[in-house]
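Student: Could we go through this structure together? I have not seen it before.

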Amino acid sequence: MPNFCAAPNCTRKSTQSDLAFFRFPRDPERCRIWVENCRRADLEAKTSDQLNKHYRLCAKHFDPAMVCKTSPYRTVLKDTAIPTIFDLTSHLRNPHTRHRKRIKELTEEDIRKIKERRCKQIGNMFELFFVIHLFQIITLLPLSCLSLSPVASSIEQLISKKDAVVEDSSNNEDEPQLSPEEKEFRDYLRSLFEVVVMLGKQNIPSVTDKTSETERDCSNFQALLDYRMNAGDEALKKRFEATAVNTEYLSAAQQSQLLDICENTVREEILMEVRESRFFSLVTGDTVEFANEKHLPLFLRFVNQHNILREEFLDFLPFDGDESSLVERLEAQLTDRWGLSMEDCRGQAHKATGTSTTKMKAVAVILMEKYPLALHMPCSITALNIHLASSLPFPNVQIVMETLRRIDAFFRTPSTQGALEKSVSTHYRGNDEKGAVLKQACDSHWTEQHSVFDLLLDMLESLVLCLDSIRDNENGKFTDAISADAYSITETLADFEIIVTIVILKNALSFTRAFGKNLQGETLDVFFAANSLTAVLHSLNEVIDNIDVYHEFWYEEAVNLATVMEIPVKVPRLFLRKQRAADVGEIQAEAYFKEYVTVPVIRGIIQEVEDMFSETNLKALKCLSLVPAVMGQMKFNTSEENHADVYRNDLPNPDTLPAELHCWRIKWKHRGKEVRLPTTIHETLQLPDVKFFPNVNSFLKVLSTLPVLKLEDNSVETASERLQAYMDSTPVKHRSKSLAVLNVNAHVKHDLDVMVDKYCRLYPEDEPEAESEPAAEEDVVMT
């Protein structure tokens, strides 16, 4: 269905031209400016949400410099765009014409109020101007580096045309009335979308298995439609009352159309906030399976208009092809389809396991080559030691990490977890304190903790005894599948190469354990972690310099554990066979594990730490000293300007940054005794006067999006956890990408009317003829 321009004396609609049509902004202040410039009195009583939903302005009312064409199919506005080009007089040449869009006459009182608002806003800017000016004089900075915010020029546009014009009175309603057929059709569509949204939110598969040959294979979707009709849904009844009993109400293609529109509508709600915030970070999860194909989950992290950090799930990306093709698809998804700019990406994190680890590391390198500010960092929801171990491209290390994931999945059921706790209690009968600690760890996802390898070694004997007991299954408590899994895990753990690898990982990663915990801690902990990296790398390099001594102790620890568990100490069979084939002399076990396990693991950890925490990454993290609590801990002796060049181009007034930072430090250093220093970026951004420090405000927003920083609200499930819950509870054959997006984003506001509008526009052949003026769902509609 077409979009109509809301501007007075403008009759353009989307079906008659290739013009772009733009929503009224959701931000109340910016929306108010648009309404004032339009001079339509009937719009003033409407909320910004109502205007955003129902009204559009065509591109002809904006300065061409404010309109950007991001692709052949998408045109967007700049964040500061305000409509200024209007025809407010042409109707006067035909005074007998009836006008639906009545132009507001500005009275002297209206002009006075507009002037007052302008003066107040400009006054606020001059207040900041004065403060910066004062401190620049103190610090002998040249006044020439000052520049007023471009907001002043935008405010001038509010009174650019003061001549009021009078339009003849008209009592026509702004929105055209729908015909009975159109209203009936839209009510029918609304009922369909309600069912689809419920399927997604409640994680109900749209199809179900056929129970018998005699029963009709009725989908869950059709069953819910039947239920609604029986409950009195008149719109559905009128549509399907003549349909045969055994006939599907909607074809698979129509159901797919409904799902696509629901999915895209929910995603667009998130993307609107991302575009408004501008800066974001890209986070990918571990690959998931749909229809026997691997897909990569995509998340975006951003700070919304309320200065709250969000991390939302957006879509799945096919994982096939090489690294270059994956990067191309990723860029196309973000730019062409979602209307974002990779130039605004400030961070990337990839949670990968197994063979996909190497591929995602290559993807991160390619993205950083193209976009240097898309800093590659570990993800805040993954312990650093687990990330480092998962990133090592060695088969024995990858087997250990895969075994940990299998152990975690195996002991999730109450019966298997109870068996493990019983085995721990039996093994540590003489050490109740140690046993209590390990039993508590069994209840808290110990395979995801920083000290996972320490816990694994402490629990290894109990773990193998428990798995042996489950495998024997003397009391018949466990199924054959569970017994088979227990046998497979035991065989892996009873290999000396795996024992050695676990011991070396535990000892090598002990140097990064405290560093990783601080990265997932409070803002002050992250700041100190960034300053302690040199010491961490020094310790790891010291191990390399004295590898013979360290390896001797670590190898002895592995041999002692293997002896207790009656595991033979030997070189892997595959290596021995290659040695015999090459007619090379026999190698000793200790020398083999030093050359092929210890040295590669240590060097791999050092390389990964250096890559993940480059000089640029550390500069960004050290800018966390902008948080007042960190400044206080440093006795207000910080030097953020030394690291500010990382994000200099992201600041509104970079030339005034030194003076502004000086003001910022003085503000908190000389605060009242009753004033508490904010401890996090979130607290700092919520301060009402942070807007008077525009550079600091921008800095904090960009820093907040970095994926290494933890999300503030730990009481709410993250998007990654909600996605994992969906995958765990949904069999592969019942998984749907569209329903997954709806389920994970059940908290996102959805508008059924927007879905109906979009359906009518995309599939007009399914809708009765209409001559109405509805509003479409997208930000920009191109024909």
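The conversation below concerns a pair of helices and then a loop.

Student: Before we start, what kind of model is this?
Tutor: This is a predicted model.

Student: How do helix H13 and helix H14 cross?
Tutor: The axes of H13 (residues 414-427) and H14 (residues 432-442) come within 9 Å and cross at roughly 170°. Angles over 145 degrees count as roughly antiparallel, and H13 and H14 are therefore roughly antiparallel to each other.

Student: Which residues make the contact?
Tutor: H13 contributes Gln417, Leu420, Glu421, Val424 and Ser425, while H14 contributes Gly435, Leu438, Lys439 and Cys442. By type, these residues divide into four nonpolar, three polar and two charged.

Student: Now the loop between H24 and H25. Is Asp650, which is found there, buried or exposed?
Tutor: Asp650 counts as buried, because its relative accessibility is 8%.

Student: And what does Asp650 touch?
Tutor: Leaving out residues up to four places away in sequence, Asp650 touches Phe279, Arg346, Ser698 and Val702.

Student: What about phi of Lys635?
Tutor: Phi of Lys635 is near 60°, a positive value in a residue other than glycine. Most residues other than glycine have a negative phi. Lys635 lies in the loop between H24 and H25, and Phe636 is found in that loop as well. Phe636 also has a positive phi, of about 60°, although it is not a glycine.

Student: Are Lys635 and Phe636 buried or exposed?
Tutor: Lys635 counts as exposed, at 67% relative accessibility. Phe636, by contrast, is buried, with a relative accessible area of 17%.

How values were computed:
Residues numbered from 1 in each chain as written. Predicted model: local features only at pLDDT ≥ 70, side-chain atom pairs only at ≥ 80, totals over all residues. Heavy atoms only, no water. Axes fitted to C-alpha atoms, helices over the stretch in contact; angles between N-to-C directions. Helix = DSSP H or I, 4+ residues; strand = E, 2+ residues; numbered from the N terminus. Parallel < 35°, antiparallel > 145°, perpendicular 65-115°, else oblique. Contact = heavy atoms within 4.5 Å. Nonpolar A, V, L, I, M, F, W, Y, C, P; charged D, E, K, R; others polar. Buried < 20%, exposed > 50% of the residue type's maximum accessible area, 1.4 Å probe, protein only.
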